[in-house]
Amino acid sequence: MNGLYKKDGIRFFAASNTKEGFVSYFDEIFCESDCDRVYILKGGPGCGKSTFMKKLGTAAEEKGLNVEYFHCSSDPESLDGIIIKDKKVAVIDGTNPHAAEPKYAGVREIIINLGEGWDTDKLYQNKDEITKLCRQKQKCYKEAYGCLYSKDVMDGLIYKLTFPNILFDKLDKSALRLAKSVFRKNEKDVKANKKIRITEAFSSLGKIRLFTFEDTAKQCVFLKEPFAGCRLSHLFLKRVYDCADNAGAQMYVSFKADKKDEINALYFPKEGISISLYDENAVNKCDRNLKKCKIVNLKRFIDIKALSHTKPLRKFYEKLSLNMENQALEYLKNAGNAHADTEKIYRQCTNYTTVEKISDKYIKKILNS
């Protein structure tokens with residue numbers, strides 16, 4: 001995770017590379033209730049979109065404003081968007097694969113074209129190389145998504161072996177006890193306020209997890225699974241989520257990097273509690289900061305003895321699942337390399353004086369609005 005922008009800031013992902021391909025949460029995150037105005041950045045690779053957002057975010061923080069940063073799930077060193085919470089203003093990358101078009105043009109959404117800095121004649125001279133790299137990148141993504149799909153098949157077979165031996169009643173009661181301890185002070189008949197914030201991604205830099213929930217929380221609950229693919233953490237988190245929803249709680253929800261339908265973390269800002277997957281470094285950080293920390297060992301929700309006869313087959317599926325994950329990450333790395341080479345060409349064909357003038361104009365406008 002070295003090199004990630006704003007390592008200690010409020011940061012998430014707004015999209016995922018999954019078994020179903022690229023999944024965007026832009027509509028849910030940069031929504032009308034949270035963002036009165038959305039500035040949509042247009043332009044190709046290397047034209048300064050991420051730099052614009054980093055510069056704006058830094059300037060906003062220097063004014064004492066609260067900023068959320070959303071890393072690109074494919075290239076985490078770049079940004080997909082930011083939200084200046086105090087102003088209810090968002091700036092997003094509106095190019096493929098998360099292309100955005102105005103719904104209320106000029107009223108809510110404003111397009112900023114950073115492609116005005118291009119020397120298009122010079123770009124045209126590199127047409128063949130750019131086309132080759134773009135096709136290469138798309139092929140890598142297609143292969144990566146195929147590997148993630150195969151990984152999900154293996155995980156499904158692991159879950160099929162596990163399912164008959166899950167102690168659902170015991171799991172439900174434990175999740176309910178935790179939920180009641182968290183939401184006992186919440187008012188009844190209040191509609192829950194749910195926001196999506198993604199904390200992990202399969203990317204060109206590997207599988208990356210952001211610990212914003214845990215770093216922000218006053219108390220951390222970590223769920224420790226007995227083996228990969230058993231999905232006990234999702235089942236536990238889903239039970240807590242349902243209780244929180246019924247209690248009208250305010251919560252942030254994150255989904256697994258490769259599965260948009262499986263919860264991997266919850267954060268409750270009012271209570272200051274995060275519930276997420278076990279990570280040894282995160283637990284140690286809690287201990288160093290004298291932060292309340294609880295570990296829930298999910299192994300007790302499985303009849304391990306009854307499951308023991310399936311262990312050889314389960315281990316085989318786990319190995320295949322891990323191989324598919326590693327293959328997917330290798331393809332994403334290659335896609336990232338192709339993208340980086342494309343950016344180099346675009347940078348050589350971009351007048352950054354023009355880009356900087358456009359950026360400075362809108363940064364001033366946004367911060368003074």
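Predicted model: local features only at pLDDT ≥ 70, side-chain atom pairs only at ≥ 80, totals over all residues.
**Entry 1: a helix over the sheet**

I started with helix H11 (residues 352-368), which lies across strands S4, S6, S7 and S8 and runs at about 155° to S8. Residues are numbered from 1 along each chain as its sequence is written, and side-chain values use heavy atoms, with hydrogens and water left out.

Some terms I had to look up. Helices (H or I, at least four residues) and strands (E, at least two) are DSSP runs, numbered from the N terminus. Angles run from 0 to 180 degrees between N-to-C directions, with axes as lines fitted to C-alpha atoms, for helices over the stretch in contact. Contact means heavy atoms within 4.5 Å.

**Entry 2: the sheet itself**

In what order do the 6 strands of the open sheet come? I read S1-S5-S6-S7-S4-S8, with mixed pairing; two strands pair if DSSP finds at least two bridges between them. S1 (10-13) and S8 (109-113) stand at the edges with a single partner strand each, so one side of each has no neighbour in the sheet. On average, neighbouring strands here are turned by 20° against each other, direction ignored.

His71 has Leu79 in S6 as its bridge partner. Helix H2 (residues 49-62) also packs on the sheet, touching S4 (37-42), S5, S6, S7 (89-93) and S8, and its direction makes about 25° with that of S6.

A cavity is a set of points on a 1 Å grid over the protein atoms alone where a 1.4 Å probe fits but cannot get out, and lining residues have an atom within 4 Å of a point. Points are joined across faces, edges and corners, and the volume is the space filled by probe spheres set on them.

The largest cavity holds about 50 Å³. Its lining includes Glu214, Lys285 and Cys286, and helix H8 (280-288) gives the largest share, 3 residues.

The second largest cavity has about 40 Å³, and Glu214 is among its lining residues too. Strands S14 (259-268) and S15 (273-277) each supply at least two residues of that lining.

Terms used:
1 Å grid on protein atoms, 1.4 Å probe; cavity = no way out; pocket = protein on both sides within 12 Å on 5 of 7 lines; lining within 4 Å.
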